[in-house]
Amino acid sequence: MSQSDRGLRRLAAGTLLVAFQGTTAPGWVLRELEQGLGGVTLFGFNVADPGQVRNLTTALRGAGEPVISLDEEGGDVTRLAYHVGSPYPGNAALGAVDDVELTRRVYRAIGSELAACGINLDMAPSADVNTEADNPVIGTRSFGSDPALVARHTVAAVQGLQAVRVAACVKHFPGHGATRVDSHLAVPVVDVGLDVLRARELVPFSAAIGAGAKSVMTAHVAVPAVTGDTPATLSSAALTGLLRGELGYDGVVITDALDMHAITRSVGLAGGAVLSIAAGSDLLCLGPLPTYDDIQAIIAEIVAAVREGRLPLERLEEAAARVAALRTWFGTPEQVTAEQNVVGLHAARRAVRLTGETEPLVEPLVIEVDTPPTIAVGDVPWGVGPWLPDAEIVRVEPAAADVPDLLAKAANRSLVVVVKDAHRHRASQELVSALVAARPDATVIEMGLPVWRPDSAAYIATYGAARANAQAAVELLTA
C-alpha cells in the first residue's frame with residue numbers, strides 16, 4: 001500500500017466509532033487505533049465495574065488518541081450502571097423539578113464519574129422536545145414538551161458535563177420528540193413546516209450551540225420540509241444547510257448508530273457511512289452490531305468513494321480537523337476522582353409527586369407490570385424491589401395476568417401496583433384498572449411519564465425508572 005493509500009485509509013478510519021463485545025479491548029481494535037481509528041462507543045456489555053472500565057480505556061488510549069464515548073443520560077438510559085440501574089434520575093425528572101442548577105449539578109456528577117473511568121464523550125443530553133405522548137423512543141429521556149424548558153436544561157447539562165472535560169453530544173438533531181416510530185426499526189417522519197421546526201425542535205439545539213456544545217448527534221428522522229424522505233443523518237440540507245449554515249454550528253457532528261434499521265434497511269451500512277460523511281457528519285457511530293469485517297468494508301467503501309469522486313477528499317479532511325480539535329480540547333487525561341453521588345437521590349426526591357394519601361404498609365404485595373424495554377434503554381433492571389426488602393414482589397405480563405389470583409394473593413394486605421409508561425400500553429391500563437377497581441385503596445407507582453392514571457387512593461409519579469427514582473418513590477410510600 002502506497003503512502004497516499006495509507007493516508008487515505010487513515011482518514012477514512014478516523015471517521016469511525018466502533019463497538020466490540022466483552023470487557024477488554026480486542027486486538028483488532030488496538031491495531032486499528034494505531035492506524036487512525038476515530039474511537040469507540042461502549043455499551044452495557046463492555047462494563048463490569050468502574051475499575052474495569054478504567055483499565056479498558058487506559059488500554060485503548062495506549063494504542064492511540066481515541067474518542068471514547070457511551071450513552072450515559074441518567075435515568076433509563078445508562079451504560080455505567082447498566083446492570084443495576086442508574087443512581088441519577090433522567091431528564092423528565094429534572095424537567096419536572098425545573099431547577100437548572102440542579103440539572104447542572106447532576107450532569108457534572110455524571111461527567112465526573114465518566115472522566116474517572118476514562119470516558120471523554122457522553123452521548124447526552126437528549127435535547128428532544130417530547131410533544132408526542134406515544135413517542136416510543138424518547139419519553140422520559142426528554143426534559144419535557146416546552147421548547148424553552150428543554151433549552152435551558154440542555155444548556156445546563158452541556159455545562160455540567162463539559163465543566164469536567166467530558167464532551168457533551170446533544171441529540172437527536174433536528175429533533176426526535178414529535179415521532180411515533182422508533183428509528184431503530186424504521187424511518188420516523190416529523191411532518192411540520194420550517195416555522196414549527198424553528199419554534200419547537202431547533203430551540204434547544206440553538207441554545208446548546210450557543211453554550212459551546214462540543215458535539216451534536218444526528219437523528220435518523222425525515223423532516224419533509226428540510227430533508228424530503230431522507231433521514232437527517234444522510235441529508236446535507238439538514239447537516240450542512242440547517243445545522244452548519246442556519247444555526248452556525250462548527251463542532252463535531254456524530255451520527256446516531258448506523259446499524260439501526262432506518263439506515264441498514266434503506267441504503268445499507270457502508271452506503272450510509274459514505275452518504276452521511278458527504279452530508280456533513282464527522283464521526284460515524286456504528287452501533288453494537290457491525291463486525292470487524294463490516295468495519296473493514298466500511299473503510300474500503302469510504303476510500304473507494306473518494307477515489308471515484310463520490311466523496312470529496314476535502315470533506316474527509318474537514319471531518320478529521322474537527323475531531324483533532326476535539327481531541328485537543330480533551331487535553332491530557334487526568335486521574336479524576338468521581339464525585340460522591342448525593343445529588344442523584346436529592347434530584348429524584350425533588351421530582352417525585354404524590355397524589356392522595358398512602359397508608360402504612362401491611363405485609364405488602366407489590367405487582368410490577370412488565371413493560372418491554374426500548375432498544376435505546378436495553379434490559380436495565382427497574383422496579384422497587386431493592387428498597388422494599390420485606391415485600392412480596394410479583395412481576396407480571398399484563399396480557400397474561402390472572403386478576404382474581406392476584407387479588408386473592410393481596411387479600412388483607414397492602415397492594416402496590418408499579419407500572420411504566422401505562423399510557424403507551426393498553427394491556428397495562430386494563431390490568432391496573434381491574435386491580436384498582438377491586439382495591440381502590442391500592443397505591444399506583446408510575447415509573448414512566450404520568451400521562452394516564454387510574455382512580456387509586458394514592459398515585460406516585462417518579463418521571464423515570466432509575467434506581468434513584470425507585471428509592472424516592474418508596475420513601476414516599478413508607479413515610
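1. The largest nonpolar core has 114 residues, and L16, L42, F173 and I302 have the most contacts inside it; a nonpolar core here is a set of buried Ala, Val, Leu, Ile, Met, Phe, Trp, Tyr and Cys residues joined through side-chain atoms within 4.5 Å, where buried means under 20% relative accessible area, exposed over 50%, and partly exposed in between (1.4 Å probe, protein chains only). Leaving aside residues up to four places away in sequence, L16 touches, among others, L37, L284, I298 and I302, a contact being heavy atoms within 4.5 Å. A second, separate core of 19 residues includes I460, A472, A473 and L477.

2. This is a predicted model, in which local features need pLDDT of at least 70 and side-chain atom pairs count only at pLDDT 80 or more, while totals for chains, interfaces and linings use all residues. Residues are numbered from 1 along each chain as its sequence is written, and side-chain values use heavy atoms, with hydrogens and water left out.

3. Helix α18 spans residues 467-477, and its buried residues include A472, A473 and L477; helices (H or I, at least four residues) and strands (E, at least two) are DSSP runs, numbered from the N terminus. The buried residues of α18 pack against α4, α15, β12, β13 and β14.

4. In the loop between β14 and α18, Y463 has a positive phi of about 65 degrees although it is not a glycine, and Y463 is buried at 19% relative accessible area. D98, in the loop between α4 and α5, also has a positive phi, near 60 degrees, but D98 is partly exposed at 33%.

5. Cis peptide bonds join A124 to P125, with omega near 5 degrees, and F173 to P174, with omega about 5 degrees.
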